[in-house]
Amino acid sequence: MKIAAPKGTRDILPEESGLWREVERVFRETCELFQFGELRLPTFEHTEIFQRGVGDTTDIVSKEMYTFDDKAGRSMTLRPEGTAGAVRAFIENGMASRPFPVKLYYILNLFRYENVQKGRYREFHQLGLEAFGSASPELDAEIISLLDLFFKRLGLKHTSLHLNSLGTEDSRAQYTLALKDYFKPHLSSLCKDCQSRYETNPLRILDCKVPHDQEIAAAAPLMFDYLNTEDRAHFDRICTLLDAWSIPYTVDKRIVRGLDYYTRTVFEFVSENVGTQGTICGGGRYDKLVEVLGGPAVPAVGFALGQERLLLEMAAQGIALEAAKPVGVYIASLDEASLEFAATLALQLRKKGYAAAFDVVGRSLKAQMKYAGKSDYDFSLVLGSNEVEALEARLRRMADGEEKTVRLDDLTAFEAYLRGENE
Ligand code: HAM
């Protein structure tokens, strides 16, 4: 049997996970500045949540879900996105009775059975948020400003925000008719999926991946041109706020998004660095979803950033974040008695917040010192019977080889040297 991780999944090893954690830390901190609280969700939900939430006719639901029957015969699905589950949690936990807006952020792993390529995986991660309880355009602009601040705090220089509006039901009804009129003469040449989308959900034809259908869709009427006065005013207000805050954006009338729940605002951050699809972040307003999933009428807006794609973008822009790590000391030992002393000293140092290690694999002194050098310790010391007896040792700074004699029974001078004091 070949032992390999499933296609489209990957291991994140310690040398990489520090960067992941840093990005998550900055995201958490930024969300908390805007008073979002963290939501942790189950990895799987009843399949119906996604069918009704994301939409039966979307590619995500019709082609990409990991769905299985549990042992009691209930259909379950590994979450392909976070919004539907967040809305389910919002309803189930009676959050509609909390003061509005209810602001929730999440960091999730997600599952979609997709064609694997750069920036597109079968298990991937999102940093996302959802804000419930306000239809006001100020909230849409506010979450975009959160993203802008997050990018700035990461040190990302150029990210390009594309903004559109898909209108409300009222504007959408008119538009759907126009769309059907447009596609009618082309119907027989469209793919089978689009032929059925024509009946069930013509907007989804605009999202089709088949090149021929994309060519036809390129000249289709655009939702933006059918917005009613209120929808247009909502959109314009967001633009005014973004202008006032100097957050650059492009109005991109072609954005339709791959999920059915959007009303009014939709937006994406795109870049050429993250693979063919290029979308680092997608989001928008979904004023009907809480009702669709059986809750009260509560408008909401949110977004999700693909963490893998964000990291690709950071790498392309040469950004390497590093978490602050504790000062590290390697304690080499020459014999069994000094090894025991080294182990005890390591424990004492860890209690004081330093990283410390001693030899647990029986290496020679030379090999221990080589290991300490390779493992990036900041300091090292060697303990033998003389040091243990005198309770004194030479503490060596690895960067420049500078040494200092320190007491081992009173760590005051020891710690001062670790902290770079008493030079
Ligand atoms: P989405 O556009 O499907 O939206 O996904 C958001 C982001 O997740 C994408 O822009 C991309 O960066 C990342 N992503 C999606 N699929 C993959 C994949 N297979 N591999 C790697 N990264 C991927 C949503 O999921 C919505 N729930 C966003 C939202 C929240 N809208 C409102 N609230």
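Is E336 buried or exposed? E336 counts as exposed, at 71% relative accessibility; exposed means over 50% relative accessible area, buried under 20%, and partly exposed in between (1.4 Å probe, protein chains only).

This is a predicted model, in which local features need pLDDT of at least 70 and side-chain atom pairs count only at pLDDT 80 or more, while totals for chains, interfaces and linings use all residues. Residues are numbered from 1 along each chain as its sequence is written, and side-chain values use heavy atoms, with hydrogens and water left out.

Stop 1: Select helix α12, residues 336-351, where E336 is placed. Helices (H or I, at least four residues) and strands (E, at least two) are DSSP runs, numbered from the N terminus.

**Stop 2: helix α11.** Select residues 307-316; 7 of the 10 residues in this helix are buried. Among the buried residues are Q307, R309, L311 and M314. To see what covers the buried residues of α11, show α1 (14-33), β5 (102-111), β6 (123-132) and α5 (137-154), which are among the covering elements. Just after α11, select G318, which has a positive phi of about 70°.

**Stop 3: the loop between β5 and β6.** Select E114 in this loop. E114 counts as buried because its relative accessibility is 14%. Leaving out residues up to four places away in sequence, E114 touches E64, R120, Y121 and R122, where contact means heavy atoms within 4.5 Å.

**Stop 4: a cis peptide bond.** Go to F100 and P101, which are joined by a cis peptide bond with omega of about -5°. P101 is in the loop between α4 (83-92) and β5.

Stop 5: Select R257, in the loop between β8 (250-251) and β9 (265-270). R257 is not a glycine, yet its phi is positive, about 70°. With a relative accessible area of 12%, R257 is buried. Then select L391, in the loop between α14 (385-390) and β15 (392-397). L391 is also a residue other than glycine, and its phi is near 55°. At 24% relative accessibility, L391 counts as partly exposed.

**Stop 6: helix α13.** Finish with K374, which lies in α13, residues 365-374. K374 has a relative accessible area of 70%, so this residue is exposed.
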